[in-house]
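Trainee: Before we discuss the labels used for this model, could you show me the sequence and the structure?

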Amino acid sequence: MKTIAITGATGQFGAIALTLLQAKQANVVALARNPAKLSGVQARAFDYDKTDGQIEALKGINTLILVSSSEVGQRVVQHQNVINAAKQAGVQHIIYTSLLGADKENAVRALAGEHLATEQALKASGVNYTILRNGWYSENYTAAIPAALANGAFYGSAQAGKISSAVRADFAEATVNVALGEGHENRTYELAGDESYTLADLAAEISRQTGKDIPYIDIPVADYAAALVQAGLPEGLATFLAQCDEDASKGALFSTSQDLTHLLGRPTVRLADAVKSVL
Ligand SMILES: NC(=O)c1ccc[n+]([C@@H]2O[C@H](COP(=O)([O-])OP(=O)(O)OC[C@H]3O[C@@H](n4cnc5c(N)ncnc54)[C@H](OP(=O)(O)O)[C@@H]3O)[C@@H](O)[C@H]2O)c1
């Protein structure tokens, strides 16, 4: 049986994937900066920044799930470190969580460059790869439901841009299916939810389920960023989120790809159910 390792195992995505791998009786190694955070699984210390020990940590691994780092701005070097170590350790297959339409002009601009550079590094490494270009997590928007209820409106800057998001668990399950499946080497998948919705559609769904009138109110990008700062978000994160909405208004989060549903072998979780689980 092959041995599968996963980075970012202490993160939200990694935790779901790890649980699924264990449920499927896979031979799994969890990689984490602080392996003491993990129990009930073989865990090894692994920091994207610390090249010392990376090759050792990847010894005996056949398939590596490289969950993209959360440290935006550092990721090209971090991911290159991991790819170099994996190659030297003899890893045969790297599965990487990239970004929907990473090579398209209208991709999410704050994120696309690092993902595309990582994709290129993977291809140049000579190690078999699978690129999973993940669309937006539905949770990025459903997390704003409590604030929308408190404010009596859902604010944003995505205009009528369509969003083909999927819940984090759908992306994680597809990743596990690729790791355990056959024939995914050297392929790139565009992963998006089956449904596409606007923020007005999301607000209408929240209204329907709560019985309250929660309209979607579109505001200029700078005003939205300022409102997020006023709500307590750090300025960098607020600007990033507002820019993502602006990109969404231009189609960055929209896709009609069926790759995710094919990898899952079932429909993606419906928006109504994602909203319901938050409510
Ligand atoms: N598609 C989307 O909408 C979307 C949204 C958010 C994030 N993402 C991407 O998807 C990834 C997984 O998402 P998530 O929700 O699981 O994020 P998360 O909960 O923030 O988890 C991030 C993981 O990365 C690990 N990490 C950060 N820096 C590291 C380093 N230098 N060395 C080793 N590990 C490091 C963290 O480890 P510690 O426990 O040690 O901190 C944690 O396990 C994110 O990292 C990001 O690239 C995508």
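Mentor: Helices are DSSP runs of H or I with at least four residues, numbered from the N terminus. In this predicted model, R208 and E205 both lie in helix α8 (residues 199–210), 3 residues apart, which is about one turn of the helix.

Trainee: What makes the contact of R208 with E205 a salt bridge?

Mentor: The closest N and O atoms of R208 and E205 are 2.7 Å apart, and because the cut-off between a side-chain nitrogen of Arg and a carboxyl oxygen of Glu is within 4 Å, the pair is counted as a salt bridge.

Trainee: Why is R208 called exposed, and why is E205 called buried?

Mentor: Exposed means over 50% relative accessible area and buried means under 20%; R208 has 57% relative accessibility, so R208 counts as exposed, whereas E205, with a relative accessible area of 13%, is buried.

Trainee: What does the salt bridge between D103 and R133 tie together?

Mentor: The side chains of D103 and R133 meet at 3.1 Å, N to O. D103 lies in the loop between β5 and α4 (109–125) and R133 in strand β6, so the pair ties together parts that are 30 residues apart in sequence.

Definitions and conventions
Residues numbered from 1 in each chain as written. Predicted model: local features only at pLDDT ≥ 70, side-chain atom pairs only at ≥ 80, totals over all residues. Heavy atoms only, no water. Helix = DSSP H or I, 4+ residues; strand = E, 2+ residues; numbered from the N terminus. Buried < 20%, exposed > 50% of the residue type's maximum accessible area, 1.4 Å probe, protein only.
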